[in-house]
Amino acid sequence: MSTPLADTTNPDLGLLYAVNDLAKSSPQWLDHLVSWIGEYGILIGLAVLGLVGWLQARRRPDAPVAIAGLLWVPLSVAVAELANLPIAAIVDRPRPFVDHPGLLVLVDGKAGTHSFVSDHSTMTMAVAVSLFLVNRRLGWIAGGLALLQGFCRMFMGVHYPTDVIGGYALAVAVVLLLAPIAMAVLVPFCHALGRTAVAPLIRASERGGAARGAAQRGRRRGRGAVRSEEQPPESDLAA
């Protein structure tokens with residue numbers, strides 16, 4: 001039996017209908033596109049941002065610390081999803097289309113599952129906040145994707161606005177409250193890994209860059225020497 005939270009307030013339901021009505025008036029190809037983005041596309045985009053963050057973090061002076069922060073990204077998602085399990089069971093809120101059959105549902109397989117809180121919203125916001133702690137630019141991009149994720153879930157007719165907001169709140173709480181504990185463990189762990197065979201995963205090799213820099217400096221010095229030999233009168237005049 002569902003809790004009173006299943007009886008949504010009018011603003012909650014009104015916003016859901018306003019967004020879902022966009023799906024009813026949109027062409028079918030757009031509905032399919034938004035459904036794919038809301039189910040898979042945004043998660044793929046966040047994975048790409050994580051990969052970019054890792055490539056950049058390896059080149060930072062504080063690479064082990066930055067990599068530790070990136071390791072907290074997937075771990076925070078896992079912790080937030082685990083925290084959501086008892087919350088979803090206690091609240092026991094059905095999907096909005098169960099109580100409101102007038103909604104257009106764009107994805108199958110959601111019947112019989114919990115609506116509060118939104119798993120997708122929780123995951124995307126957890127990635128955004130934890131990534132922001134490491135790389136603000138990538139974090140802002142991920143935050144935009146998280147907001148788009150919430151819109152897509154309502155557009156698809158599978159979540160109330162409060163489901164989305166609840167997912168955001170859960171993600172922010174988990175990431176920020178547990179980040180100090182996680183970093184206290186992950187930073188020494190990454191420093192230790194930096195002294196093993198997997199060190200290239202933690203810190204980018206500087207040999208290639210140093211060799212190229214030395215070669216370029218050598219070429220500059222060589223060119224300068226040639227010019228000085230070829231133009232001795234000018235050097236004398238300058239003196």
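User: What share of the residues of the protein count as buried?
Analyst: In this predicted model, 41% of the 239 residues count as buried.

User: And how many helices and strands are there?
Analyst: The protein has ten helices and zero strands. Read from the N terminus, the elements go α-α-α-α-α-α-α-α-α-α.

User: What about contacts between residues at least 6 apart in sequence, how many of those join residues at least 24 apart?
Analyst: The figure is 82% of such contacts in the protein.

User: Pockets next. How much space is in the largest pocket?
Analyst: The largest pocket holds about 330 Å³.

User: Which residues lie nearest its centre?
Analyst: Gly-50, Leu-70, Leu-71, Val-73 and Pro-74 do, out of 19 residues that line the largest pocket. Two or more lining residues come from each of these elements: α2 (28–57), α3 (63–91), α5 (119–132) and α8 (199–202).

User: OK, what volume does the second largest pocket have?
Analyst: The volume of the second largest pocket is about 180 Å³. Its lining has 14 residues, and Asn-84, Arg-95, His-114, Val-117 and Asp-119 are the closest to the centre.

User: Which element gives the largest share of that lining?
Analyst: That is α3, with three residues in the lining of the second largest pocket. Both α3 and α5 supply at least two residues there.

User: Switching to the surface. What is the accessible surface of the protein?
Analyst: It comes to about 13200 Å², and carbon and sulfur atoms account for 68% of that.

User: Cysteines: how many disulfides does the count come to?
Analyst: The count is zero disulfides.

User: Is Cys-152 buried or exposed?
Analyst: Cys-152 has a relative accessible area of 2%. The cut-off for buried is under 20%, so Cys-152 is buried.

Terms used:
Residues are numbered from 1 along each chain as its sequence is written. This is a predicted model: local features need pLDDT of at least 70, side-chain atom pairs count only at pLDDT 80 or more; totals for chains, interfaces and linings use all residues. Side-chain values use heavy atoms; hydrogens and water are left out. On a 1 Å grid over the protein atoms alone, a cavity is a set of points where a 1.4 Å probe fits but cannot get out, and a pocket is an open set with protein on both sides within 12 Å along at least five of seven lines; lining residues have an atom within 4 Å of a point. Grid points are joined across faces, edges and corners, and a volume is the space filled by probe spheres set on the points. Helices (H or I, at least four residues) and strands (E, at least two) are DSSP runs, numbered from the N terminus. Buried means under 20% relative accessible area, exposed over 50%, partly exposed in between (1.4 Å probe, protein chains only). Contact means heavy atoms within 4.5 Å. Accessible areas come from the Shrake-Rupley method with a 1.4 Å probe; for residues, only the protein chains shown count as cover. A disulfide is a pair of cysteine sulfur atoms within 2.5 Å.
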